[in-house]
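Hi,

Could you look through it with the notes beside you?

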Number of protein chains: 4
Amino acid sequence: MPGTPPTRYAYLGPEGTFAEQALRTLPAAEHGSRTPARSVGEALESVRAAEADAALVPLENSIGGAVGVTLDELAEGDPLVITREVILPVEFVLGARPGTQLDGVRSVAAHPQASTQCRNWLRAHLPDATVIDVLSNGAAAAGAANGEYDAAICAPIGAARHRLTLLSDKIADHPDAVTRFALLSRPGPPPPPTGDDVTSLVVYIAHDRVGALLSVLMELAVRGVNLTRIESRPTGEALGRYVFFLDCTGHVADARLGEALQGLRRVCAEVRFLGSYPRHRWTDAAGDRPVPAPAGLSDTDYTDAAAWLARLRSGELS
Amino acid sequence: MPGTPPTRYAYLGPEGTFAEQALRTLPAAEHGSRTPARSVGEALESVRAAEADAALVPLENSIGGAVGVTLDELAEGDPLVITREVILPVEFVLGARPGTQLDGVRSVAAHPQASTQCRNWLRAHLPDATVIDVLSNGAAAAGAANGEYDAAICAPIGAARHRLTLLSDKIADHPDAVTRFALLSRPGPPPPPTGDDVTSLVVYIAHDRVGALLSVLMELAVRGVNLTRIESRPTGEALGRYVFFLDCTGHVADARLGEALQGLRRVCAEVRFLGSYPRHRWTDAAGDRPVPAPAGLSDTDYTDAAAWLARLRSGELS
Amino acid sequence: MPGTPPTRYAYLGPEGTFAEQALRTLPAAEHGSRTPARSVGEALESVRAAEADAALVPLENSIGGAVGVTLDELAEGDPLVITREVILPVEFVLGARPGTQLDGVRSVAAHPQASTQCRNWLRAHLPDATVIDVLSNGAAAAGAANGEYDAAICAPIGAARHRLTLLSDKIADHPDAVTRFALLSRPGPPPPPTGDDVTSLVVYIAHDRVGALLSVLMELAVRGVNLTRIESRPTGEALGRYVFFLDCTGHVADARLGEALQGLRRVCAEVRFLGSYPRHRWTDAAGDRPVPAPAGLSDTDYTDAAAWLARLRSGELS
Amino acid sequence: MPGTPPTRYAYLGPEGTFAEQALRTLPAAEHGSRTPARSVGEALESVRAAEADAALVPLENSIGGAVGVTLDELAEGDPLVITREVILPVEFVLGARPGTQLDGVRSVAAHPQASTQCRNWLRAHLPDATVIDVLSNGAAAAGAANGEYDAAICAPIGAARHRLTLLSDKIADHPDAVTRFALLSRPGPPPPPTGDDVTSLVVYIAHDRVGALLSVLMELAVRGVNLTRIESRPTGEALGRYVFFLDCTGHVADARLGEALQGLRRVCAEVRFLGSYPRHRWTDAAGDRPVPAPAGLSDTDYTDAAAWLARLRSGELS
């Protein structure tokens, strides 16, 4: 039911990673149950199977890019829709068992993406330490806690959970790195428009049509719909066959986005709607302000044009 | 009332010109009254003033181009709509008083456009005759009949009316020349779609927007609406300020043309609808066959896309 | 030879019309010979036959639109190029033999376009006079001078030449009406760029290509070439077959216009170049200022991009 | 020197993975030295530092998509260019120490992407085995060889190198999966055009321009340049800031691609050229045939248009 927040939440585990941290920024999730899943696929399956009401999984990272497995899961299987996005600053810390000193660290456990994002810091502060690849930030923290490694690169929540001491915080090379998470539910009425919404789509273009991607962009441009993100993923059939993930400014209830969606439906081989939801404003940067509808493309302009067409068709006017 | 044909017809006079000949191709006009007007403006005013039900005036000629005065009258004043088009082969004859021989012709009266269209014939057959400019084809025939000139270039109907003998027929250099006439009425419900219709528009573009004409063509192209004619006319304000007359394939009742019209309404400074009416098929040339809607742009595709959008908005589907 | 002004000028006659007035605004023409021609075609033929060095003929009028016969002559026959444009305010006067009073005028001779442009004045000041159509403004003045008509609507130069008294001046309904004339010569190097030039083209589009006009506009838009005028004229083959006359901002020597021209050459059935010439600035209106090249489209940007490409091709750079 | 094949090759290690297998399809590499690198970054650095002449690294996989780390390395640091591509079918095998039987396998080591690609096979044939994530296909094979795991999902070359017996081959769910590798060298003259080439680019669009991506596609479309691949990667500055990796059909030496490149150079914030190289034809599928230049866009058409423009500029022609 729209209006009733979910009470059973799944998220990409293990515990103590950024996904859990992101989930806990949602007040409703603080009061509901929160179950870690072993993979993005498992998290989404639990929603499809109605074992959870919603699942929080990572969509993209400002350094590492799209999370391919999430995109693939959203494009295939039973449809799910995004009802919220959460954008979380990615803050890495170096944690170790109490008593460890920085100059005594010889081995550091880290997920490869985490060590990549902290490369400069490691070079400057631990030039001689060995970096050991592990499979998640949570696994790194656990390994440091049980003495397998001297230290771990992990999320603050992971260090806290494994009672690690922080040898250093904010060790990422890009201090502004963020990860964007999506909260996914079974299909239902989208949240009401807020005036600053995002609509996500999966678009399959007909590869036998020259300029098919150009057609897609034209359908959006003619209605003044702004494209804030485009990702391609292979369809798995062959190289050169892609599916596109688009994020557009606006809500499915808006007239111009509605018309653009209908246009995409007609020119594309397939369109999957991934939801309309409020944009998460995580900064006050000027460039992030919602853009008003271009001249002639507001809902009022659409209503006026539709009324005019009705008058033309009835012969009341020319 | 739709369905009731007009009974009082005006046409661009004088009698004995191509306009009268075109009007008489309409069965209803054969049974109604037919009044010549001294000018296109006068013909249209008689409809606006309800002194006539419909007026037939020339729109364009395949040699001479658009009839500027008709376009200007349609763009200004109280709105009128086109309900029929008539395309008439332009056949010029050389008429003279009975007894005149071709080799005795020393002076030929002709409207300048008529003598231009018969230039090669005149050069070949009457190289020494003087061509005298007169103000209409009907005036040429009248002048030959009253002995002012030895012969006249005129329409067959003009020769017949003034009892002229034909010294030669089909004397035009372009044997395929045609004139397109429009039958104009006061606004009312358009004739029903036939599957092969034309929609005429007057479009004012915002001259302070770069690429405004490109925007107009985009609105049509994205909906697969074919443009069969584009004419520019000065708005009268200044050089470089134009109004465009467009003929599109399709009917205002068609989904894709309706959406394109709404798009034009939003991006243009002003759009005047000049009517949707059956295309006059005057030849069987292959190129003149109606073009089916491009893939994804039929009325069925529009209905399907609208239903899909409704399901998305209600949350039934993603 | 470039740099040597023409000395023998033809113009659309008869004497005493706007074309003569326009020609005399050119200092070189004041010192050369000036021969009236009976038609636009005759004026242009005299240049093609090298009997004249240049011919001045009307291209378009801000009220009446394009001068079809001029466009047709430029599109066909041996090529000629525009080397100058002259824009002349169209000022109509009412002239009569000395001694005539306004309230004694019962007949007024006028070219139909002239009487159309003075309709409101005639209605207000000579509501009962008969307007007689004649074939040129010069013929109207001559007819008034020889007593055939009481008065004539004509150009100031025509009234002066026929020694008519002005019963009223500035009688046109649109006080800002102008006519644009073109000075045509045999092909030769274009006048040097001035930074505010016009390039005129005749473009035939392939009518078997959907969206061919859109392609033409795209070729211009992608290079940031501004289109200040587009006129269609029938090709004479059939209705629906048009040739387009384009005026673009810029000079054939400019990089971006050169690239756009090459693009048109490739996508169009045929392109005829009608010349690059300085824009005639007849007002100081803000809207008439030359527009600087859009970002990335100046000659410098083109030179930079060409040099970069050369480096890529040679392998010096990636 | 063009023409001299590289002799010292680096590739993404460890030994026994698909990258080594791909490298050995190049005859020159068979005769040169082949050094495994620990990461894509290390492989490329060895070329930049002139310790190797060329490095082979994965670009994209038809199942897993782009290899983000490779794209990031190509977009940043000192420029390198692609001189060859190699497309290799991805064939997974299940290897184990000699004597192991399939029904005795309780633990399977696999890189997470490998186990994902063999999910259906595992479910059908080893429903009860535990899958253990490891960090590379080579590590899986090594782990099976030393008895740490009962079996390993790996490449055929990995099984051979570690003397594993094949319990099953072709176990991937998508039998047509391929990986595309790029051979990278320091900048130099591109290999000569073959008539079926690919050009790779990195494009930064100005994010303050609405429709910037549309502009990029327009620059290509107007020159008939076909886009076979588009990938977006975050620039690392912020969410919503992307850099695009484009693969186009054609060679930098082709006229139309050259003009399109210059256009991109002018409208984009930055363009990095990643090389023109022969397309690897790994199948004979009809859809993979090279597409001839669209009408009007061949090198001959470009040469003709350039010659025409030169004549226009010199005044020889109109």
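Helices (H or I, at least four residues) and strands (E, at least two) are DSSP runs, numbered from the N terminus. This is a predicted model, so local features need pLDDT of at least 70 and side-chain atom pairs count only at pLDDT 80 or more, while totals for chains, interfaces and linings use all residues. Residues are numbered from 1 along each chain as its sequence is written, and chains are lettered from A and ligands numbered from 1 in the order in which they are written.

**Chain A overall**

Chain A has 11 helices and 15 strands. Its C-alpha atoms fill a box of roughly 85 × 45 × 40 Å along the principal axes. Of its 318 residues, 52% count as buried (20 or more other C-beta atoms within 10 Å of the residue's own; exposed is 12 or fewer, partly exposed is in between, and C-beta atoms are placed from the backbone). Take the contacts in chain A (C-beta atoms, placed from the backbone, within 7 Å) between residues at least 6 apart in sequence: 74% of them join residues at least 24 apart.

**Who touches whom**

Let's start with chains A and D. 31 residues of chain A are in contact with 31 residues of chain D. On the chain A side, strand S11 (178–185), helix H9 (212–222) and strand S13 (227–234) are the elements that give two or more residues. S13(A) gives the most, with eight residues. By class, that side of chain A divides into 14 nonpolar, 11 polar and six charged residues (nonpolar: Ala, Val, Leu, Ile, Met, Phe, Trp, Tyr, Cys and Pro; charged: Asp, Glu, Lys and Arg; polar: the others, Gly among them).

Chain D also meets chain C, with 35 residues of chain D in contact with 34 residues of chain C. Here H9, H10, strand S15 (270–278) and helix H11 (299–314) of chain D each supply at least two residues to the chain D side. H11(D) gives the most to that side, with eight residues. The residues on the chain D side divide into 20 nonpolar, nine polar and six charged.

And which pairs stay apart? Chain A and chain C do not touch, and their nearest C-alpha atoms are 13 Å apart. Chain B and chain D do not touch either, again with 13 Å between their nearest C-alpha atoms.

**A helix pair in chain D**

The axes of H9(D) (residues 212–222) and H10(D) (residues 255–267) come within 8 Å and cross at roughly 160° (axes are lines fitted to C-alpha atoms, for helices over the stretch in contact, and angles run from 0 to 180 degrees between N-to-C directions). That crossing angle makes H9(D) roughly antiparallel to H10(D) (over 145 degrees; under 35 is roughly parallel, 65 to 115 roughly perpendicular and the rest oblique). H9(D) makes the contact through D:Ser215, D:Val216, D:Glu219 and D:Leu220, and H10(D) through D:Ala260, D:Gly263, D:Leu264 and D:Val267. Five nonpolar, two polar and one charged residues make up this contact.

**A buried helix in chain C**

Is helix H7 of chain C (residues 137–145) buried or exposed? Nine of its nine residues are buried, so H7(C) is largely enclosed by the rest of the structure. The buried residues run from C:Asn137 and C:Gly138 through C:Ala139, C:Ala140, C:Ala141 and C:Ala142 to C:Gly143, C:Ala144 and C:Ala145. They pack against strands S6 (93–96), S7 (107–110) and S9 (151–154) and helices H5 (112–117) and H8 (156–161) of chain C. Just after H7(C), C:Gly147 takes a positive phi of about 85°.

- D:Ala152 touches D:Gly95, D:Val108, D:Ala109, D:Ala110, D:Ala140, D:Ala141, D:Gly143, D:Ala144 and D:Leu164, leaving out residues up to four places away in sequence.
- D:Leu184 sits in strand S11 (residues 178–185) of chain D and is buried, with 28 other C-beta atoms within 10 Å. Beyond four places in sequence, its contacts include D:Leu44, D:Val47, D:Ala54 and D:Ile82. D:Leu184 and D:Asp53 are 131 residues apart in sequence, with their C-alpha atoms 8.4 Å apart in space.
- B:Pro187 lies in the loop between strands S11 (178–185) and S12 (197–204) of chain B. With 17 C-beta neighbours inside 10 Å, B:Pro187 counts as partly exposed. B:Pro187 and B:Glu316 are 129 residues apart in sequence and 42 Å apart in space, C-alpha to C-alpha.

Cheers

Note on methods:
Two residues are in contact if their C-beta atoms, placed from the backbone, lie within 7 Å.
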